[in-house]
Amino acid sequence: MTILLTGATGYLGSALAEVLIADQPGAQVVSLTRRSHDYLAGSLEEVLSPEMNREVGEKTVLKVQPEVIIHCAAVASSAECERNQDEAYRVNTEFSWGLAEGAHSVGARMIHVSTDLVFEGATCPEGGFGESDLPDPVSIYAKSKLAAEEKVVETCSNAAICRICLLYGARRGTKVGPLGWMIHNFKSQRPVPLYFDEWRTPAFVDEVASALKALSLRQETGIFHLGGPERVSRVEFGRLVADRYGFSAGLIKEKSRHESESAGFRAEDVSLNSTLLCESVLQIFLSSPERGLSLFEIS
Ligand SMILES: NC(=O)c1ccc[n+]([C@@H]2O[C@H](COP(=O)([O-])OP(=O)(O)OC[C@H]3O[C@@H](n4cnc5c(N)ncnc54)[C@H](OP(=O)(O)O)[C@@H]3O)[C@@H](O)[C@H]2O)c1
């Protein structure tokens, strides 16, 4: 089987690359990336493109002829998307659309990774947002991701959209991520400012990667939510991190998201209800943050 993976240098993509290579001997994993990287060198075949756009997406799929596409690449920083809106739509929406066009032409299954931030989050239902709740994105990042979802569903008949949540786990790829930033501050005895009024359902990146792989091997289509089983605030998550690694929780400085420079597009509560995917489709359990944090060491 040939699997085309985008974003393999990133936080999620690097975990996925590892899962795909370890679990599927004989599978050929082709990474579509802007730059070659040492991580997993020799295990992935690379297709390099300095820019990701609709044409590159479609042409690459036609060239590689994959059975499965797992699409993790994105301009995944909300701040970066606000700064560079054209790039956000080109990469997040148009490139995804091109991949879906290619997938449709070669009959590939496509897993499109999306985000909990498609919800504005001011009125989160008890138990979290379900797949039938209506998205209402506020940031350019979230708008470009939702536009991608719509293009992928319209274009590729064998596509599953997987909206994921805040991820944590060991650092592999090029991105430090929120956990890496927190740990760096804790280790350097610097304040760790965290929002007490932002809630997420964080998930261990390795478990999310395994779930995405499992979904890629099935035939269910449409939208699925994939978040951890517990809703926690950023402050609560920070305390769990401090506790797990023996850092001083006194370094955590509680603040409101309204104090943030990015207050205009910070979502309050985008907790996901993942019952459909975890219980009905895949029959898996994602770890609580406390358990997930116990499953890996930090460097
Ligand atoms: N991390 C989270 O907590 C989280 C939460 C919800 C949803 N998501 C979604 O999960 C997916 C993976 O996120 P991540 O955290 O792994 O992101 P990441 O670490 O920032 O990695 C994203 C990847 O996308 C590619 N990319 C970034 N900017 C690009 C640009 N301007 N042009 C072309 N390619 C670009 C990069 O690959 P190359 O440099 O190799 O080309 C990079 O490896 C994304 O779709 C994101 O929206 C993530």
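1. In this predicted model, the shell of residues around the ligand is made up, by class, of 13 nonpolar, seven polar and six charged residues. Of the 26 residues around the ligand, the ones that come nearest are G10, R34, A73, A74 and K175. The elements that give two or more residues to this shell are α1 (11–23), α4 and β5 (109–115), and α1 gives the most, with three residues.

2. On the α1 side the contact is made by Y11, L12, A15, L16, V19, L20 and D23, while α7 brings V205, D206, V208, A209, S210, L212 and K213. Divided by class, the residues of this contact are ten nonpolar, one polar and three charged.

3. A second pair of helices brings in α4, another of the elements that give two or more residues to the shell around the ligand. Helix α4 (residues 85–106) packs with helix α5 (residues 140–155) at an angle of about 15°, and their axes lie 9 Å apart. Angles under 35 degrees count as roughly parallel, and α4 and α5 are therefore roughly parallel to each other. The crossing in which α4 passes α5 is right-handed.

4. What residues make the contact between α4 and α5? From α4 come Q85, A88, Y89, N92, T93, S96, W97, A100, E101 and H104, and from α5 come I140, Y141, S144, K145, A147, A148, K151, V152 and T155. By class, this contact of α4 with α5 has nine nonpolar, seven polar and three charged residues.

5. Eight residues of domain 1 are in contact with seven residues of domain 2, and the residues on the side of domain 1 that touches domain 2 divide into six nonpolar, two polar and no charged.

Technical notes
Residues numbered from 1 in each chain as written. Predicted model: local features only at pLDDT ≥ 70, side-chain atom pairs only at ≥ 80, totals over all residues. Contact = placed C-beta atoms within 7 Å. Nonpolar A, V, L, I, M, F, W, Y, C, P; charged D, E, K, R; others polar. Axes fitted to C-alpha atoms, helices over the stretch in contact; angles between N-to-C directions. Helix = DSSP H or I, 4+ residues; strand = E, 2+ residues; numbered from the N terminus. Parallel < 35°, antiparallel > 145°, perpendicular 65-115°, else oblique. Left-handed = near helix turned anticlockwise from the far one by under 90°. Near = placed C-beta within 6 Å.
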